[in-house]
Amino acid sequence: MYSKRPPSPRYQATSNRFPTRPDYYPQRHPQVHDGYHSDDEKPFGAPPVPRYRMVPPPSVAWCVPSPSTFRQGQPAPPAPFQPVSSRQRVPSPTRFPEERRRRSRSRSRSRTPERHTRRPSSKQRVPSPTRPGRGSFMQRVPSPPPQMSRLRMNGRGNAHVPVNSGSLNQPAARRGLSPQESLANSRSGRMNQQPEHHRAPSFPGGYVSYSVLPEASNQSPPGVNRPDEIKRSLNERASTRRVTTSEPLLRSPPLSGKRPKSVGLSDSFRPSLLSPLGILRDQGYQYRELNEFEFRLVRVFPERKTMIKCEIIHASLEHPPDYVAISYAWGDAGHTRKIELEGSLVPISVSLYGALDAIRQKVESVLVWVDALCIDQSNKDEKTQQVQLMTNIYSTADSVAVWLGPEEDDSNIAAELLRSVADQSSSPEKVSRLLSSRVGKRDLAGVVSLFERDYWKRLWVVQEIFNARSINVYCGSTKLPWSVFQKASQTFSRHRTDLDLYFPGGQRNGRPATVAPTQFSYSQVLVYQGPGSLPNLKSYMELEQGLLLEVLRACRRKLASDPKDKLFGILGVLPEDTRTEFRADYSLSVKDVYTEVVDYLLKTTERVDVICDAIHFPLHTGSANLPSYVPDWSHIPQTAAMGHKYNFAASGDRKAKCGFLDERLNKLEMHAIYLDTISLHGMAVGTLCTLGDYLMAFLHWRALLLGNLDKEPEEFSLMVQDDFCRTLSFGQVPQSWDKENQWMAACYHVFASLLRERLPHMALDRSLASYADAKLSVEIDNRRHFLQKHFGDQMMGRCFCRTSDGRFGMGSGFMLPGDIVVVPLGCSTPVLLRQEGTRGEHRFVGDVYIHGYMHGRAVDELRVGKKELVKYILH
């Protein structure tokens, strides 16, 4: 409830008969000030004080009482009452009751924490900001307001700041001190003699000097209700300290009244800083600081009980012991199990618990390295240091243990099939018979499920496998060498035709032939997922300047919980000179990390091909606010830049001429050859498309083409349609079909025959229908596979377009009429730019195939003066 009001009067009389008036206009009704501004602010049960009566006449002025001498922990004794003069008026917060009630209900925007100003006595110094326009001897002493949940109004209509705001001038409970400590040790006795709801407000600025002394008791002074949440034990209280500053105090968020709990440590570990950053999972273990080239290892004790027991030790990478590095997927962070870490129960993910349990031995201890326990994940500085050592950690380990997860989805019999396929990999006939005998069996479905596990989608796996000296794969209680998985995956890739024959997509025996939510066929999963999803990075090591870009492209479909890990997670596979250019600093923003990649590649390769990996279709919204020319490596598009895949060289051997215009790398200036402007485009093909999407897009694009050929001669029309078919395949025509109008016949035959089968009631025009039944000189065994290989991959995520000068092209589905087509110097392909704003700046739209301009023709026309070089600014 409420504490009793101290018996001492609000003010003490002195010999000065000229009072300082706090208000610049007179008070019409002098009042007796009893320490409260209204009756509703007084504690319950306090007697009412008569208002609006004259004050008896002493010849003194009112000021703040000086502190009295009292024992530590006891309240100050009441000061003697002295009469006052009849000419002395005690100011009231308001002049009229009506005005007081009106102002008590109002809220003001002003937060000026001043109420009434008094001249302090010669012995009293109250820590308060100096009143503007006066000397330091004249200080403002605010009248103590009650603890309120809303702003109060002073005599001038200004809002009064509640007590619980401010920084160092806060009440004791807000500073983490007990009321007893504040009462006994404050330099100002007046402030702390009152209960907390009487105390003066704090200020956002001023001069402060305070002391904190250790207490020997937790007892609160009489009349003060001490909150339970701020009680502290003796060992938690700080030693005596005095802080004095002449700098203005800035307003800061309120400090918590709670102190962190003490953490018990074993004798073998020295305590670190008193910061929660070193505490593992907010449990009773605290990390020790690592030295240079030092890392932690977890000693897993032998299996004695179900509970896993372990301890953490420090080791040097220069002379490391034998240990096993664990490669695993983190899994669901909320699904945990507890282990005993040096006497403390620490929750870890279920996936990590299974990995430790699989590696744990019966008799001997095992030293392992695992990122979740050996790196303080909450310490960004340590995380940055340890990520730089990941290459050494995995290459120095005696072996790497790959943990795929528990035994489920027939993984045990799937392991036996993998071993059989690996053993017979050198005999194609035996492998074909083995695959045909697996029709309707559960073991091949178990292999498909094993290859689709989350482990294979993780980005960090790439460098962990790449740097390992020896690898063992664990799945439940099954253990296989890595060579079994590698040979089996390569064998499945060589026998993809058999897989498509025996396990086609769609239905098989009335049951779906796929098991993944993505609805991939067996052959797609066995060839492109599992070990087949890991890029062959050794083939990229011969590259020099372009190595970083090729590795980023190869690993783009891998997943990482932190977007910055899309770069940091591949540093371990790069040469030493490249790793030194990038520091795995997790305090950087995603924008800074990705823009730094562009800056590095522009300078080292002297090419601008990296901007073509900024794919904007399908449109996605990221939180990094990247410039349009910076690729978002955390985004996983279904399409890729066409330049490196099809070996285009639109700018010939010309080097890039570009540079950044600002320090933040937000604007890029580049020189490019202007080609043309987009006049029309067809429907865009999505990235999650089916055969029907390709067929409908073909009909729409061909209709746009024929709309401009009605009045043209037949010979010219056939030539244009042949260019149209070559555009659909990006000019990648097989040599056996590279004859006059032969590629057009093959293209029209495949699309027309599939349209007739899929949509028999759709009427085709006479010319297209004639190609459906045409007999070609070269037979097409699988029309759907032929369409996907030569047209589908190129059409995905793109649309057909025509320029103002009649050139054909196919580019990003993000394009619009009016986009300009340019060939940047040092770029493999033409690109689309879109002017935005009034400053002449452009947005990067995407790369584009322009028929006839993919192998240096624009540069040749620039040399003879047919084209001009233009400067563009990208944002």
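Me: Is serine 399 buried or exposed?
Reply: This is a predicted model. Serine 399 sits in strand S13. Its relative accessible area is 13%. Buried means under 20%, so serine 399 is buried.

Me: Which residues is serine 399 in contact with, leaving aside its neighbours within four places in sequence?
Reply: Contact here means heavy atoms within 4.5 Å. Leaving aside neighbours within four places in sequence, the partners of serine 399 are Tyr323, Val324, Ala325 and Ser470.

Me: Where does aspartate 410 lie, and what is its phi?
Reply: Aspartate 410 lies in the loop between strand S13 (399-403) and helix H8 (411-423). Most residues other than glycine have a negative phi. Aspartate 410 is not a glycine, yet its phi is positive, at about 60°.

Me: Is aspartate 410 buried or partly exposed?
Reply: Its relative accessible area is 24%. The buried class stops under 20%, and exposed starts over 50%. Aspartate 410 is therefore partly exposed.

Me: Is phenylalanine 730 buried or exposed?
Reply: Phenylalanine 730 is in the loop between H21 and H22. Like a few other things to look for in the backbone, its phi deserves a glance: phenylalanine 730 is not a glycine, but its phi is positive, about 55°. Its relative accessible area is 1%, so phenylalanine 730 is buried.

Me: What is the peptide bond from phenylalanine 617 to proline 618, cis or trans?
Reply: Proline 618 is in the loop between helix H18 (590-605) and helix H19 (642-646). Most peptide bonds are trans. Omega from phenylalanine 617 to proline 618 is near -5°, and the bond is cis.

Me: How far apart are the end C-alpha atoms of H20?
Reply: H20 has 16 residues. At 1.5 Å a residue, the helix should span 22 Å. The end C-alpha atoms agree with that, at 23 Å apart.

Me: Within what arc do the buried residues of H20 fall?
Reply: The buried residues of H20 are Leu691, Tyr694, Leu695, Ala697, Phe698, Trp701, Arg702 and Leu705. Seen down the axis, they line one face of the helix, because they fall within an arc of 165°.

Me: What covers the buried residues of H20?
Reply: The cover includes both helices and strands. Among the strands are S20 (798-803) and S21 (808-812). The helices include H21 (714-728), H22 (742-758), H23 (766-772) and H24 (783-795).

How values were computed
Residues numbered from 1 in each chain as written. Predicted model: local features only at pLDDT ≥ 70, side-chain atom pairs only at ≥ 80, totals over all residues. Heavy atoms only, no water. Helix = DSSP H or I, 4+ residues; strand = E, 2+ residues; numbered from the N terminus. Expected span 1.5 Å × (residues − 1). Buried < 20%, exposed > 50% of the residue type's maximum accessible area, 1.4 Å probe, protein only. Arc of directions from axis to C-beta.
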